[in-house]
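Welcome! Take a moment with the sequence and the structure, and then let us walk through them together.

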Amino acid sequence: MTLKEQLFLASQYAAPHHLVSRAMGRMADSRSPELKNWMISRFVRRYQVDMSEALVEDPLAYGSFNEFFTRALKPDARPLDDTPGAVLSPADGAISQLGPIEHGRIFQAKGHSYGLTDLLGGDSERAAPFMGGEFATIYLSPRDYHRVHMPVAGTLREMIHVPGRLFSVNPLTAGHVPSLFARNERVVCVFDTEHGPMALVLVGAMIVASVETVWAGLVTPHKRQVRAVRYDAPARAPIHLEKGAEMGRFLLGSTVIVLFGPKQVRWLDTPSVRGPIRMGETLALPANDFPSHLDVV
């Protein structure tokens, strides 16, 4: 490890995560033309953002940095794979890890794993349907499209906000910060699907100002305690989202973790595995429905 990397990791433990993130959030939401244009222009140059895919291609036409960062894409920019039963990638990014959930643990990086129950807010009953199941971790880099979409059609059962730290979630921290994704602030969304229960975990990170969902808007901390909201109560109208529909977004980027129960899906072993993937590409197929010409993990 280089000295620069060592200093970066040390700063992650010492930094006032939430204070830094709140300050960055206020800047990112500013509508001052001078500030937002400077931030957007610098970001586009540094990360070589491809604006040709955006519905509004002029980066300076957005009212704030957050509006630019969560920009919509053109309708044909992310075609959905129409393979029957396909589980689609919920986001643009890179698949950092995927595989089985073994003994209630999820693999993070070499030498590190974290608890499924911890990831889902400490409730063993909530975690039980996913024990022995499958997980996929998708890292969204700064240049990626930052809206999150449904891998399959589903009806929302529960949303849980879990407070925590805001470590960066890049490959360096994933390889050196124990239980990273179960320590960072996160929003857990549990859906009922044709493949059984599915959880989408939107993990916050350093300078991630906030997470939004399409049904609740901005999800904000609540007295630094785990907060769960049930959406399957008889008095509530069901919230059903079709495959490919937007379900949430990051105001500055992070990581999405997808969970399924045992014997429901198998991840495709394609060139995208543990590499770049786009929203709408096939991530998995039903466990009992694999064409013979496809390799699986």
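## A charged meeting point

Arginine 230 has a relative accessible area of 41%, so it counts as partly exposed. Keep in mind as you read on that this is a predicted model. The side chain of arginine 230 forms a salt bridge with that of glutamate 158, at 3.6 Å from N to O. Glutamate 158, by contrast, is buried, with a relative accessible area of 7%. The two residues come from distant parts of the chain: arginine 230 belongs to strand S12 (residues 227–230) and glutamate 158 to strand S7, 72 residues apart. Through shared partners, salt bridges join Asp123, Arg126, Glu158, Arg230 and Asp232 into one network.

## Other salt bridges

How many salt bridges does a search of the whole structure find? There are 12. In general, side chains of opposite charge can pair when their charged atoms come close.

One of these pairs is glutamate 53 with arginine 278, at 2.8 Å from N to O. Here too, distant parts of the chain are linked: glutamate 53 sits in the loop between helix H3 (33–47) and helix H4 (65–69), while arginine 278 sits in the loop between strand S17 (276–277) and S18, 225 residues apart. Glutamate 53 is buried at 17% relative accessible area, whereas arginine 278 is partly exposed at 37%. Another pair is aspartate 192 and arginine 157, at 2.5 Å from N to O. Aspartate 192 is partly exposed, with 35% relative accessibility.

## Threonine 193 in strand S8

Strand S8 (residues 186–193) also holds threonine 193, which is buried at a relative accessible area of 14%.

## The annotated active site

An unreviewed UniProt entry carries the annotation "active site" for Asp92, His149 and Ser254. Although these residues are spread over 163 residues of sequence, they cluster in space, with a largest C-alpha distance of 14.5 Å.

Histidine 149 lies in strand S6 and is buried, at 8% relative accessibility. Its side chain makes a polar contact of 2.8 Å with the side chain of tyrosine 145. Beyond its neighbours within four places in sequence, histidine 149 has contacts that include Pro90, Leu200 and Met279. Serine 254 is found in the loop between strand S14 (246–251) and strand S15 (255–260). Is serine 254 buried or exposed? At 0% relative accessibility, serine 254 counts as buried.

Strand S6 takes part in an open sheet of four strands, ordered S6-S14-S10-S11 with antiparallel pairing. Strands S6 (147–149) and S11 (217–219) stand at the edges with a single partner strand each, so one side of each has no neighbour in the sheet. From one strand to the next, the twist averages 30 degrees. Three bridges join S10 (residues 210–213) to S11, and glutamate 212 has leucine 218 in S11 as its bridge partner.

A further open sheet has three strands in the order S1-S18-S16, again antiparallel. Its edge strands are S1 (87–88) and S16 (265–267), each pairing on one side only. Three bridges join S16 to S18 (residues 282–286), and tryptophan 267 stands opposite alanine 284 in S18.

Note on methods: Residues are numbered from 1 along each chain as its sequence is written. This is a predicted model: local features need pLDDT of at least 70, side-chain atom pairs count only at pLDDT 80 or more; totals for chains, interfaces and linings use all residues. Side-chain values use heavy atoms; hydrogens and water are left out. Two strands pair if DSSP finds at least two bridges between them. Axes are lines fitted to C-alpha atoms, for helices over the stretch in contact, and angles run from 0 to 180 degrees between N-to-C directions. UniProt positions are given in the numbering used here, feature names are shortened, and annotations may be inferred rather than shown by experiment. Buried means under 20% relative accessible area, exposed over 50%, partly exposed in between (1.4 Å probe, protein chains only). Contact means heavy atoms within 4.5 Å. A polar contact is a pair of N or O atoms within 3.5 Å; within protein, one must be able to donate a hydrogen and the other to accept it, and residues adjacent in sequence count only if both atoms are side-chain atoms. A salt bridge is a side-chain nitrogen of Lys or Arg within 4 Å of a carboxyl oxygen of Asp or Glu.
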